[in-house]
Amino acid sequence: MNPVAVVRAAHTVRDELDHLMGGTSEELRGRLDLLLAEEGKQPPGSLADAVIMLIAQYGPAWERLAMLLRLNNHVTAEELVPSLADSAGPDWPPATPSPGSPSAASSPTEPSSAGSTDPGLPHAGSRGADWLLSSGAHASSPEQPPSAPAAPAADRGPSMIGRLTDAFRRRRGERDAAPADRRTQDAFPLIESLAEVVGGWGVEVDVGLSPGAGQDGAAPPSGEPVDLDVQIIAEGFEAPGGWRVRLLADDASPYPKATLNLIALPQEQPETVRQIQTIHSVRGQVTGFGVRSISVLDSPGKLGQNVPPEPVAGTRVRLTGLEEPADITVVIVHGDRPGRLWWTYQSPHFITPDQAESSDLGMRTSEFGRRLTERGHLSEDVGRRVASKIPRGFWDLLNAVAGRVAPRRPSVLILSQEPHVPWELAVLEQPVDPSVPRYLNCQTMTGRWPIGGRRPELPPPVRVRGDSMAVVYSAAEAHSLVTAYGATQVAPLFGDILSMFGRSPDIIHFAAADSTPSAPGQGLGGAPFVFLEGSGDPQAFLLAGASGVVAPLWSDGPVGGRLAQGFYGRCFGGEPPAEVLRSLRSQSPATLAAYQFYGHPSLRLTRSQPGA
């Protein structure tokens, strides 16, 4: 790979973003500008790696970058990013891009009142909301992307991750064991349609499952049939027949599909690139996500330019081996303009609406998140500002589910394309439990998880081994985790951390801010659980393979060192990390609210012996 050629091609992609991604280009442009500004200041190889890992999360931009390098330098996608191609496993279709932030959304309805700029608290609605149907199954009728490692600032010199990046560009030494069910390992999102459509015209979209590359669509007997719900989010379209279908995957039809009829809304621009996204779920649990682009034209005269269809990107779709679902799963994706978000909901307890709800932040998600966290402390004013941007439908569903699962607390999983807004800090108008603070992550067991690319896969794991532990600590004396739980102490040095990643301990604890790399690069083996006491990029750890991450929302005065031993003691005693953090926040919300949990709210750490 020629680093100079990669950066040169990235400049071209940057100039073409409006054409490639339409209104969804701003998020990538801002991040790419920061990287390209480091040209000449950072080593070319490290800068090229960071550029590749960023653009690879955006489907149309990634396709253009790969095309430029293939045409001008005879470099294939697999040669360009061996870590992305190799770590996916042999069953992945080759050269499938990750979409990241390219946004999608449902039909352009008016934003709900909860999505306004009114700073007041959201109206929770009644527990018996009309659109909620009490059922254990869904109806059969139709109904900044994960952050890539940024180049280090010029005045700081190369960061630890800048030196680690190249070391991780090798094939992973071990892969997860392949599931026995071929429908689990070979099922991918299917989104088939014309590559372009004229505004005002209809278009048929086939959604469902497709086999992996090289498979013939046949599968061996695989147990019980599975009811799979597929929900579409497509901003700029209408769906007269509904946005959701139910499919039956069984031995006779292992890769089912159905046709949805969409109507592209008329537009003034000559061409707009829209996104069609699919959310795949089984019994209220999101098990896969897909996305592809479609061009909407302003006149029929522009048709027939032989535009090849965009490939489908996203995670594989799991159908079997599923465990405990969250009581509520929220899926948040970008709209076609900065600050617009679309929300959909899944629950094993109720049939949820098939059409997405919108909210508008009034600014870029990164700016909105920065303004919330720049003061470095929690207040009810912050919680109200967050809550005012959450659509009404979420609060209706939360209240209904809380009534259904009482007396236990509901669990909430937030699957989000945007990593910036701390939705967990929203203040509830009608608290589930009046005895604890009204923040969402005190009232419920809450976890979040990034979506958009092929990694991390869905759903998040709910069981993680905790037998081996490493603590990254700079002091000469032994850390308390060494004596309490037999942790291996690792110095915050490049070679030592690289060696630790290679040994793949079950738990990695970074004990101080100066010991935490900004990101680990691709290729964390063994799916470790990661605890960051200082600032770091939790989504980068999840993209690299972590099963869960605890990380501070702001860096001023982290208290992770004081809570670590008690935290692990309770987790090894059987409590989910989400519940441990919830109860600790409830006791001291002003300080412990800073720690977010990334993972399934029901995830548990299992350990053979609780002590050293």
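Analyst: Happy to. Please keep in mind that the model is predicted. The side chain of aspartate 360 meets that of arginine 337 in a salt bridge, with 2.6 Å from N to O. Aspartate 360 belongs to strand β15 (residues 357-360), while arginine 337 sits in the loop between β12 (328-334) and β13 (340-346), so the bridge ties together parts 23 residues apart in sequence. Arginine 337, at 37% relative accessibility, counts as partly exposed.

A second pair is aspartate 433 with arginine 409, whose side chains form a salt bridge at 2.7 Å, N to O. Here distant parts of the chain are linked, 24 residues apart: aspartate 433 is in the loop between β16 (411-416) and α13 (440-443), and arginine 409 is in the loop between α12 (392-405) and β16. Both aspartate 433 and arginine 409 are buried.

Next comes glutamate 418, which forms a salt bridge with arginine 448; their closest N and O atoms are 3.6 Å apart. This pair also connects distant parts of the chain, 30 residues apart, with glutamate 418 in the loop between β16 and α13 and arginine 448 in strand β17 (residues 445-450). Glutamate 418 is buried, with a relative accessible area of 1%, and arginine 448 counts as buried at 3% relative accessibility.

There is a network too: Glu235, Arg274, Asp336 and Arg340 are joined by salt bridges that share partners.

Definitions and conventions: Residues are numbered from 1 along each chain as its sequence is written. This is a predicted model: local features need pLDDT of at least 70, side-chain atom pairs count only at pLDDT 80 or more; totals for chains, interfaces and linings use all residues. Side-chain values use heavy atoms; hydrogens and water are left out. A salt bridge is a side-chain nitrogen of Lys or Arg within 4 Å of a carboxyl oxygen of Asp or Glu. Helices (H or I, at least four residues) and strands (E, at least two) are DSSP runs, numbered from the N terminus. Buried means under 20% relative accessible area, exposed over 50%, partly exposed in between (1.4 Å probe, protein chains only).
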